[in-house]
Amino acid sequence: YQRRVVEAVVSTQSTGVATAEQVIKHKKGIIEQQVVLNRIADSAILLQSMAAVISRANLAAEKGDVSELALANAWCGESHQRIIQLVADLQNPHLTKVDQATLDVGKMSLDSNGYLAKSPVS
């Protein structure tokens, strides 16, 4: 369990560094980097959930209930691994095929002035 607390700290630091690197790289243009922003937001959400789970498990453990420690251990371990991947993706200068497909759908939507799919009920 204590290892997960350390991982939360490491995840926070690595997310902070990767975020700062992206802001320095893109400057004001960061607002246009939706794939990058999505990864940063996903990391932030995972970090917040790790903090909440650790806090709750710690409070329960202080009251003698250690049943939530296993859940906190599992959740934080998985979240840490996901954050490692998100940070690695942020540091990768090449878009993945999925990233490009997502951007292509967005561009097509913009080019057609709205949502691409037609309603099946109209």
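Author: In this predicted model, a helix axis is a line fitted to C-alpha atoms over the stretch in contact, and the angle between two axes runs from 0 to 180 degrees between their N-to-C directions. With that in hand, helix H1 (residues 2-26) and helix H2 (residues 34-62) have axes that come within 10 Å and cross at roughly 160 degrees.

Reader: Why are H1 and H2 called roughly antiparallel to each other?

Author: Angles over 145 degrees count as roughly antiparallel, and the axes of H1 and H2 cross at roughly 160 degrees, so the two helices fall in that class. The crossing in which H1 passes H2 is left-handed.

Reader: What makes the contact between H1 and H2, residue by residue?

Author: On the H1 side the contact is made by Arg 4, Val 5, Glu 7, Ala 8, Ser 11, Thr 12, Thr 15, Thr 19, Gln 22 and His 26, and on the H2 side by Val 36, Ile 40, Ser 43, Leu 47, Met 50 and Ile 54. Sorted by class, the residues of this contact are seven nonpolar, seven polar and two charged.

Reader: Why is Ser 11 counted as buried?

Author: The cut-off for buried is under 20% relative accessible area, and Ser 11, at 1% relative accessibility, therefore counts as buried. Ser 11 lies in helix H1 and, once neighbours within four places in sequence are left aside, is in contact with Leu 47, His 80 and Ile 83.

Reader: How do you know that Gln 22 is buried, and what does Gln 22 touch?

Author: Gln 22 has a relative accessible area of 5%, and since buried means under 20%, the residue qualifies. This residue, which also belongs to helix H1, touches Lys 27, Ile 30, Val 36, Ile 40 and Leu 90, not counting residues up to four places away in sequence. For Gln 22 and Val 36, which stand 14 residues apart along the chain, the C-alpha atoms are separated by 7.8 Å.

Reader: Which elements do the buried residues of H1 pack against?

Author: They pack against H2 and helix H3 (67-91), and the buried set in H1 includes Ala 18 and His 26. For H2, whose buried residues include Val 35, Leu 46 and Ala 57, the cover includes H1, H3 and helix H4 (97-111).

Reader: What makes Lys 27 exposed, and what is its phi?

Author: Exposed means over 50% relative accessible area, and Lys 27 has 60%, so the label applies. Lys 27 lies in the loop between H1 and H2 and has a positive phi of about 50 degrees although it is not a glycine. After H2, a positive phi, near 95 degrees, is found at Gly 64.

Notes. Residues numbered from 1 in each chain as written. Predicted model: local features only at pLDDT ≥ 70, side-chain atom pairs only at ≥ 80, totals over all residues. Heavy atoms only, no water. Helix = DSSP H or I, 4+ residues; strand = E, 2+ residues; numbered from the N terminus. Buried < 20%, exposed > 50% of the residue type's maximum accessible area, 1.4 Å probe, protein only. Contact = heavy atoms within 4.5 Å. Parallel < 35°, antiparallel > 145°, perpendicular 65-115°, else oblique. Left-handed = near helix turned anticlockwise from the far one by under 90°. Nonpolar A, V, L, I, M, F, W, Y, C, P; charged D, E, K, R; others polar.
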